[in-house]
Amino acid sequence: MVADRIWDRSLDTATSVAAQIRGGHLPNPIPTGGNDINLIEVTGPDGRVVAESPAAEHLPRLSPLRPAPDREVTQTTACSPAGRDCLYITVLRVSPGSGSDLVYAGRAAPGILDTSVTLPALLLAALLLTALAGWTAYNVTGRALRPVEAIRSELAEITDRNPGGRVPEPPGDDEFSRLAQAANDALSRLDTSIQRQRQFAADASHELLTPIAGIRAQLESARLHPEDTAEALCAALRDTDRLEAIVADLLLLARIPTVPETAREEVDLSHLVVAEIERRPERLPVHLHDTPGVMVRGVRRHLARVVANLLDNAERHALTVVCVRVTSTEDAAVLYVRNDGLPISEADRERIFERFYRTDAARSRDRGGTGLGLAIAREVIEAHGGSIRVEDVTDGEPGVRFVITLPLSPEAADDPGAGAVDPLDCFPDADEPDAGDLAADYRVSDLPTRDCGAPGGDTRSSPGGDTQS
């Protein structure tokens, strides 16, 4: 940078002097321009000095160098034989041709360029500055990343034996605090999952031990009392059926999250519900309001299992009747399953979906099922992107209503359909168009029936003991 500045200034000075020569008023001695270029000489074609600056008067020729005929400017460095006292000189031809005057302008090398230690000193300074910058960056970065190290050390301490640990959360709302919050959220979910798995293992072990103990007891009784062998074998077979049902449900729960997307198909939810109701044994009257063509995308056998589980649960707790309604909104299929049994307390509305959970009214092994029906229903519905919930019936009649919402298939979502209906009614209003096509009763027993609170519902007996509305 220093040398380039000298070359530029010396060329400017030589150009100014050449302009004065061409104008015919070159002073002698030649004044300097105040830009540190204090050595100026003008020589004629024969090499004789015509004019010079005061600083060059006591010096020999600044340089014997002459520009080539085809060049106007030449720049050079002239040094003493010892390599010291160097001069930076620019030579400018005043006019073209070999008979032109020459202007020499330059200056002695500054101290920074006139010593052999300049380059090593600059290199050493650069190394020191680089080391200082690296040390500063290392310390600043280390201090900035100290929260990350704290998070790492805490994470290293968290194991399956100590899943409840959490990482420290730095104050503020920067990236590190958000990272710590996200890590703690993930650890909370992991801890909850581990606790659920442990609880599930304990509950499953208890539920499996019960029928196994029953089978063993019956076999022991048959061995001690041969005359009761037939009765003991029947009891053992009942416990075996229960054991088989529990294991099958556990396997289904394990397989639900692993079903590939390719296993899903277009399913008519209305047809699925009708088929499930028709194949069931006669227990209680089941009233169905069916909106045809409610299409969803899913695994048919899993959705059929959900419908079966909800109907089993409704029949188990109903007093006289079960009501089912299939309808759709703009973007969702909705299935309502209602029974006229006792309401579910607020505290139990989420717990009934836990595995092996039973309310006090259903603790009987004969009537309570495996305790996995509603858990399977929730797993399947959530795997299909839907939701399941329990609602109170508020139409003045006793009962509980399960509501399932599933996304409509893309083709069905483009068609707005018939729209939503009032879920409180088991039957459509008699004045509605196509009411006879949309509503049907599929099963009735000798028990007294009622219309589940539908206003204006018209229920009449059919010859076969069935009812139609």
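Predicted model: local features only at pLDDT ≥ 70, side-chain atom pairs only at ≥ 80, totals over all residues.
Sorted by class, the contact of H7 with H8 has 8 nonpolar, 4 polar and 1 charged residues. H7 covers residues 300–317, and the crossing of H7 and H8 is left-handed.

Two packed helices are described by the angle between their axes and the distance between the axes. The table gives these values for two helix pairs.

| Helix pair | Angle between axes | Distance between axes |
|---|---|---|
| H7 and H8 | about 145° | 9 Å |
| H4 and H5 | about 165° | 8 Å |

How are H4 and H5 oriented to each other? Their axes make an angle of about 165°. Angles over 145 degrees count as roughly antiparallel, and H4 and H5 are therefore roughly antiparallel to each other. H4 passes H5 in a left-handed crossing. Residues that H4 brings to this contact include Phe200, Ala204, Glu207, Leu208, Pro211 and Ile212. From H5, which spans residues 229–255, the contact residues include Thr229, Ala232, Leu233, Asp239, Arg242 and Leu250. By class, the contact of H4 with H5 divides into 16 nonpolar, 4 polar and 3 charged residues.

Rolling a probe the size of a water molecule over the atoms shows where empty space is left. The second largest pocket has a volume of about 550 Å³. Its lining consists of 21 residues, and Arg196, Phe200, Phe353, Glu354 and Arg355 lie nearest the centre. Which helix supplies the largest share of the lining of the second largest pocket? That share, 8 residues, comes from H4. The lining of this pocket has 12 charged residues, along with 5 nonpolar and 4 polar ones.

Most residues other than glycine have a negative phi, and most peptide bonds are trans. The peptide bond from Asn28 to Pro29, however, is cis, with omega near 5°. Where does Pro29 lie? Pro29 is in the loop between helix H1 (2–23) and strand E1 (39–43).

Notes:
Residues numbered from 1 in each chain as written. Heavy atoms only, no water. 1 Å grid on protein atoms, 1.4 Å probe; cavity = no way out; pocket = protein on both sides within 12 Å on 5 of 7 lines; lining within 4 Å. Points joined across faces, edges and corners; volume = space filled by probe spheres on them. Helix = DSSP H or I, 4+ residues; strand = E, 2+ residues; numbered from the N terminus. Nonpolar A, V, L, I, M, F, W, Y, C, P; charged D, E, K, R; others polar. Axes fitted to C-alpha atoms, helices over the stretch in contact; angles between N-to-C directions. Left-handed = near helix turned anticlockwise from the far one by under 90°. Parallel < 35°, antiparallel > 145°, perpendicular 65-115°, else oblique. Contact = heavy atoms within 4.5 Å.
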